[in-house]
Amino acid sequence: MVPHLTTALTGPLLELEKHFLGHATEIERWMRVQWQDHMPPFYASTDLRNSGFKVAPVDLNLFPGGWNNINDVFMPLCVQAAQDAIERICPDARQLLLIPENHTRNQFYLQNVAKLVSVLQLTGLDVRVGSLLPEITAPTTLELANGGTLTLEPLVRTGNRVGLAGFNPCAILLNNDLSGGTPAILAGLDEQWLIPPLHAGWHTRRKSIHAAAYDRVAREFGEVIGIDPWRINPEFGVCGQINFQERTGEECLAAEVDALLTRIRAKYKEYGVDETPFVVVKADAGTYGMGVMTVRDASEVIGLNRRQRNKMSVVKEGLQVQEVIIQEGVHTFETVDDAVAEPVVYMMDRFVVGGFYRVHTERGRDENLNAPGMHFKPLAFQTCCSLPDCRQAPDAAPNRFYTYGVVARLALLAASVEIEETEPAEADVA
């Protein structure tokens with residue numbers, strides 16, 4: 001099912017999609033040149049929001065954990081892209097170690113790991129899973145709810161290399177976002193590729209740095225195809241001195257919210273948008289939709305109640321929130337089975353390999369959908385989203401998904417720039 005875009009017949013997004021289709025040659029040429037200058041992340045996923053007048057990425061995950069939600073028909077795309085990525089990093093690789101999150105009780109996450117293992121094995125790699133959990137002291141096989149199994153093994157550090165007993169890989173793939181910091185066993189590795197690099201973890205990464213990189217990418221892309229970059233780019237601000245529990249930094253936050261809402265109102269007036277602007281306040285580091293609130297007026301962030309402060313003050317691994325990004329809110333006008341939905345696009349290397357819709361029956365079009373109660377529906381790709389069909393209407397499935405694929409790849413390019421520019425003086429990988 002292709003979710004119905006409520007503004008499809010009247011909103012200007014059709015014009016934007018037509019523009020993308022009419023400039024597909026320039027877009028693909030520009031993308032090809034960019035990937036000659038930048039190393040794409042091994043994999044990533046991005047959450048998009050489609051407002052009918054704007055389509056933009058609102059989050060990018062460098063450690064995507066929803067591979068189990070990708071339809072099996074996309075397996076060939078995933079394998080081909082993974083092969084390309086591996087050849088770029090370690091052409092003669094035979095063994096790869098996958099290090100997941102410590103979610104041994106989360107069946108959905110474990111199925112994600114198993115799906116990722118199956119993709120990588122089809123590239124010709126011997127793939128095994130090493131756990132950071134101290135209680136995993138011997139190979140442990142877990143039964144999965146879908147009938148499969150997943151074996152976790154204890155990590156072994158030998159000098160400046162990490163592997164398993166009798167298993168010495170040339171590459172280590174992290175499916176763990178390192179929110180709690182760099183595990184000692186992974187520090188100072190030598191002669192092994194660590195993918196993504198340690199500094200891409202949430203212990204050092206900041207959403208505002210990615211947003212700044214995306215802003216530059218969107219501006220250059222807008223010049224190439226002749227569009228206002230705002231149409232694909234959520235504006236943002238930062239407040240770096242906030243303590244929700246002690247109620248310090250509220251004035252800074254309110255000022256940033258007010259300034260951003262003022263800029264959004266001006267853009268809405270320019271494009272004749274009859275919607276209420278909003279912003280999303282997020283912890284500047286972290287994932288799983290934690291530390292997120294929707295704000296429509298600056299007064300809403302002054303004098304938060306205890307429940308609101310508790311919600312915003314702590315994210316994954318119990319980390320205290322001291323920095324927040326204030327991001328332009330982008331409405332989502334897409335629905336699945338009459339419930340609000342947003343596309344999530346998955347990529348490997350520089351290719352889009354699949355995706356799904358995040359659906360929430362209890363949230364509105366201006367709210368965060370990455371919250372308890374969400375469920376997923378596979379994107380109805382009829383063809384690869386990099387192959388638009390100009391004979392069909394701009395909002396036909398392959399063409400709408402082409403637009404999604406372009407915007408997702410722009411976010412991927414921004415992530416590549418971000419990783420390059422934040423690399424520490426001493427590289428994580430020798």
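In which handedness of crossing, right-handed or left-handed, does H2 pass H5? Keep in mind that we're looking at a predicted model. In this model, the crossing of H2 past H5 is right-handed. Helix H2 covers residues 24-37, and its axis runs 10 Å from that of H5 at an angle of about 140°. Anything over 145 degrees would count as roughly antiparallel, so H2 ends up oblique to H5.

Now for another helix pair. Helix H3 (residues 75-89) packs against helix H4 (residues 107-121) with the axes 8 Å apart and an angle of about 65°. The roughly perpendicular class takes in angles from 65 to 115, so H3 counts as roughly perpendicular to H4. Here too you'll find a right-handed crossing, with H3 passing H4. H3 brings Met75, Cys78, Val79, Ala82 and Ile86 to the contact, while H4 brings Lys115, Ser118, Val119 and Leu120.

On to the rings. A pair of aromatic rings is described by how far apart the centres are and by the angle of the planes. The model has 11 aromatic pairs. One of them is Trp230 with Tyr268, at 6.3 Å centre to centre and 70° between the planes. Planes over 60 degrees apart are called edge-to-face, and that is the label this pair gets. Trp230 sits in the loop between helix H5 (207-225) and strand S12 (236-239), and Tyr268 is in helix H6 (residues 250-271), so the pair ties together parts 38 residues apart in sequence. Are these two residues buried or exposed? Trp230 has 4% relative accessibility and counts as buried; Tyr268, at 4%, is buried as well.

A second pair joins two strands. Tyr346 belongs to strand S17 (residues 339-348) and Phe356 to strand S18 (residues 351-360), 10 residues apart. Their ring centres are 5.4 Å apart with the planes at 45°, so this pair is tilted. Tyr346 is buried, with a relative accessible area of 3%, and Phe356 is buried at 2% relative accessibility. Both rings also belong to one aromatic cluster, together with Phe42, Tyr43, Trp67 and Phe376.

Notes. Residues are numbered from 1 along each chain as its sequence is written. This is a predicted model: local features need pLDDT of at least 70, side-chain atom pairs count only at pLDDT 80 or more; totals for chains, interfaces and linings use all residues. Side-chain values use heavy atoms; hydrogens and water are left out. Rings of Phe, Tyr and Trp (its six-membered ring) pair if their centres lie within 6.5 Å; planes under 30 degrees apart count as stacked, over 60 as edge-to-face and the rest as tilted. Helices (H or I, at least four residues) and strands (E, at least two) are DSSP runs, numbered from the N terminus. Buried means under 20% relative accessible area, exposed over 50%, partly exposed in between (1.4 Å probe, protein chains only). Axes are lines fitted to C-alpha atoms, for helices over the stretch in contact, and angles run from 0 to 180 degrees between N-to-C directions. Angles under 35 degrees count as roughly parallel, over 145 as roughly antiparallel, 65 to 115 as roughly perpendicular and the rest as oblique. A crossing is left-handed if the near helix is turned anticlockwise from the far one by less than a right angle, and right-handed if clockwise. Contact means heavy atoms within 4.5 Å.
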